[in-house]
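This note sets out, point by point, what a reader may take from the model. Please keep the structure in view while reading.

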Amino acid sequence: MNRPPFGQSFSRRNILSSLAAIPAVALLAACSDSGEEAKAADVKPANPAAPAKPATPAAATAPEAQGTVDMAELMKPGALPDKQLGKDDAKVTIVEYASMTCPHCAHFAETTFPDLKTKYIDTGKARYILREFPFDPSAEAGFMLARCAKDNYYPMVDVLFRQQANWAGVQNTKDALLQISKLAGFTQESFEACLTDQKLLDDVRSVQKRGANEFKVDSTPTFFINGKTYKGAMSIEEISAIIDPLL
């Protein structure tokens, strides 16, 4: 049985202070739940899909699915309401489990997601849901801030992924996150109120636990596309090769 992700023992009283001095080794472990103590040499992050070779999208081969899940179970409400982009009646449903400190997740968010949104989500062909799967206190804090941003959940997620190198693994993550949050409209007071919300922290952890226990998520990013499981950051050509036959 895998041990809880890093930071599972952090309480409401000390999660803020913990952000000021998180060992870099813990953050380097962010793309894989190894079930062991954080050892950079022992942790193997989820392998991103091979870089797309110059080719037309039609020439791309769809990655092989690594399992299936029951879509009805996957879409049942969890501790936190799903934040969805796209139409309810879209033919394709994409659920991504990600960690805010995972470099592969950030790579997907920066290089593939914009095209995915334009090509499939904005056109009504697919709906997309991001679910929290934090591996460390910094990732928990990032997701909490995104949730506290309410209607700006996805814009906050986007900013945190794009600015990941500026706050994940730095010497004082708390101050770095505060500066980013202020640009997003947070005040010192709302920032601290968000990160001392014990129920929100518990709910974020509950989403992670459900993903691990019910859907066997053990690395990030993990995607469920119409019930099939795909692990690792994919290019737009690869994800298109999965989606197009479903339309």
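1. Contacts along the chain. Among contacts between residues at least 6 apart in sequence, 79% join residues at least 24 apart. This figure, like every other in this note, comes from a predicted model.

2. Overall content. The protein has 247 residues, of which 48% count as buried. Its secondary structure consists of 12 helices and five strands.

3. Confidence. The average pLDDT of the protein is 84, and 76% of the residues score at least 70. Two stretches call for caution. Over residues 21–30 the pLDDT stays under 50, although the model has 24 contacts beyond four places in sequence for them. Residues 33–45 likewise stay under 50, and here the model has 23 contacts beyond four places in sequence.

4. The disulfide. How many disulfides does the structure hold? There is one. The partners are cysteine 148 and cysteine 194, whose sulfur atoms are 2.1 Å apart. The link between cysteine 148 and cysteine 194 is right-handed, with 95° about the S-S bond. Cysteine 148 belongs to helix H6 (residues 137–148) and cysteine 194 to helix H10 (residues 188–195), so the pair ties together parts that are 46 residues apart in sequence.

5. Is cysteine 194 buried or exposed? Cysteine 194 counts as buried because its relative accessibility is 3%, and the cut-off for buried is under 20%. Cysteine 148, by contrast, has a relative accessible area of 26% and is therefore partly exposed. Cysteine 105 takes part in no disulfide: the nearest cysteine sulfur, that of cysteine 102, lies 3.2 Å away, whereas a disulfide requires sulfur atoms within 2.5 Å. Cysteine 105 has 0% relative accessibility and so counts as buried.

6. Leucine 195. This residue is also found in helix H10. Leucine 195 counts as buried, because its relative accessibility is 2%. Its C-alpha atom is separated by 6.4 Å from that of alanine 141, although leucine 195 and alanine 141 are 54 residues apart along the chain.

7. Packing of H9 and H10. Two packed helices are described by the angle between their axes and the distance between the axes. For helix H9 (residues 173–183) and H10, the angle is about 120° and the axes are 10 Å apart. The two helices are therefore oblique to each other, since the range for roughly perpendicular is 65 to 115 degrees and that for roughly antiparallel is over 145. The crossing of H9 and H10 is right-handed. On the H9 side the contact is made by Lys174, Leu177, Leu178, Ser181 and Lys182, and on the H10 side by Gln188, Phe191 and Glu192.

8. The covered helix H12. How many of the eight residues of helix H12 (residues 236–243) are buried? Seven are, and the helix is thus described as mostly covered. The buried residues of H12 are Ile236, Glu238, Ile239, Ser240, Ala241, Ile242 and Ile243. Which elements cover them? The cover includes helix H4 (103–111) and helix H5 (113–121), together with strand E2 (92–98), strand E4 (222–225) and strand E5 (228–231).

How values were computed. Residues numbered from 1 in each chain as written. Predicted model: local features only at pLDDT ≥ 70, side-chain atom pairs only at ≥ 80, totals over all residues. Heavy atoms only, no water. pLDDT = per-residue confidence, 0-100. Contact = heavy atoms within 4.5 Å. Helix = DSSP H or I, 4+ residues; strand = E, 2+ residues; numbered from the N terminus. Buried < 20%, exposed > 50% of the residue type's maximum accessible area, 1.4 Å probe, protein only. Axes fitted to C-alpha atoms, helices over the stretch in contact; angles between N-to-C directions. Parallel < 35°, antiparallel > 145°, perpendicular 65-115°, else oblique. Left-handed = near helix turned anticlockwise from the far one by under 90°.
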